[in-house]
Amino acid sequence: ADGRVKLADFGISQALDLARLTGAYTMLGTPAYLAPEQISGQFSAGSDLYALGVILYETLHGRTPFEGSPEEIALQHLNRPPAIHPDLPARWIEILAALLEKDPARRPADASWVIDRLESANQVPIEIQTTTSTPSTARCLGVEARSIVAEGATGVLVLTPVGLFRFRQSNATRSGIVHQPATLARPTGRDTLHLVAGNQLLELLDGESEARAILRQAEPIDDLGFNRSSESWVTVRTGSTLWEYDLSDSAPRLRWRRDLPGAAAGPMARLADGRVAVATSAPTPLVQLLDSTGATGRTIPLPGPSERLIPVGAGLVGQIRVNGRSIAYRIDPESSTVEPLAGPAELVDLAADPADSHSIIGLFSSGEIVRWTSSGEPTILEQFPVDEGPFLGLSISGEHLWVLSARNDSMWLLVRPNPRRD
């Protein structure tokens, strides 16, 4: 009558994909969220806190603490401690361990304990706001980030050990979590990302929250590169072995395999003409260019070990460590020349500008973001204050520059409009 809607669960509602422990007029509930004492017919406020702990665990891990049949789940609630991911920040581990105590007397007295812990740690995500002056920030739930990659034209994914955090500039919020830990991600076309998780290559479509496994190797995948002229061809590196597959059929088809004996293989990239560039550092730093059969067509000496290779135009830009310092270098595959690109400090990360295939953008430890054109001339696009760092990663999506920062020992995103080129 007053226009308000109330929802009450009397124990007989059920999600379609969840099993119930018992039926009507007996103890009810989905076993994944039941506290140990509820299984023996005991109830308390601590039971709700245990269920809250299960929900928080599921949010951060992508699954509930215990899985199996209803009976198996019930026994695990009674006897088995939850496997909390060790890479979560200490405050999250503390909260989960306290809420998921088997003995209700050892759990927090009430929910205010949880609220206090979250507020004191500033774990609540902060919205991203478009700005043209001071940078705005967003925390990735305090989880240690590995890297950042553009997703489509409007957002980015932050890679962490417990999953991927998706940010969208269009709605100015953290818009979701992909429950798939990944060690690296590469964009392939406008609406697709490819992820590496251990020995698996996965495909993630723009906006989806579940990635699909498309390739499994016997050993962990260290790097990958897609052929821009034929996006169904992918080259993956496991240790010092390269494998090229055709993914156009239902099952991956091996096109060629290439071992690099005696070489410490590093980053790789696909050139615009389809050749594979792979950096090696033993016995001397090189870039090897492989043709469509995996044979080495040319080797280019480098001034130091390569940390990253990015295709730019018909060539490459590399992040190369020289005398203990990372520097950007332009690599010309045809003339075999390697030229340093000027920068104000140590190079932190490189990103290709999707709006200009001939320019590259670099992030420096001093907070500058620099664009180099095909002539190699640097232009400073932005200057973040040094105290906003240390800076960890750079990505570009559509009209925005995204920078990953570890300010105050937490993970933050700094976002600015991408200045228009002259």
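Helices (H or I, at least four residues) and strands (E, at least two) are taken as DSSP runs and numbered from the N terminus. On this basis, the protein contains five helices and 27 strands. The structure is a predicted model, in which local features need pLDDT of at least 70 and side-chain atom pairs count only at pLDDT 80 or more, while totals for chains, interfaces and linings use all residues. Residues are numbered from 1 along each chain as its sequence is written, and side-chain values use heavy atoms, with hydrogens and water left out.

The pLDDT, the predictor's confidence in each residue on a scale from 0 to 100, averages 80 for the protein, and 80% of the residues score at least 70. Where pLDDT is low, the predicted coordinates should not be read in detail.

Of the 422 residues, 49% are buried, that is, under 20% relative accessible area (1.4 Å probe, protein chains only). Among contacts with a separation of 6 or more, 41% link residues 24 or more positions apart.

An open antiparallel sheet comprises four strands in the order β9-β10-β11-β12, where pairing requires at least two DSSP bridges between two strands. Strands β9 (223–226) and β12 (253–259) lie at the edges with a single partner strand each, so one side of each has no neighbour in the sheet. Within the sheet, β10 (residues 233–238) and β11 (residues 241–246) are joined by six bridges, and T238 has T241 in β11 as its bridge partner.

Key: Buried < 20%, exposed > 50% of the residue type's maximum accessible area, 1.4 Å probe, protein only. Contact = heavy atoms within 4.5 Å.
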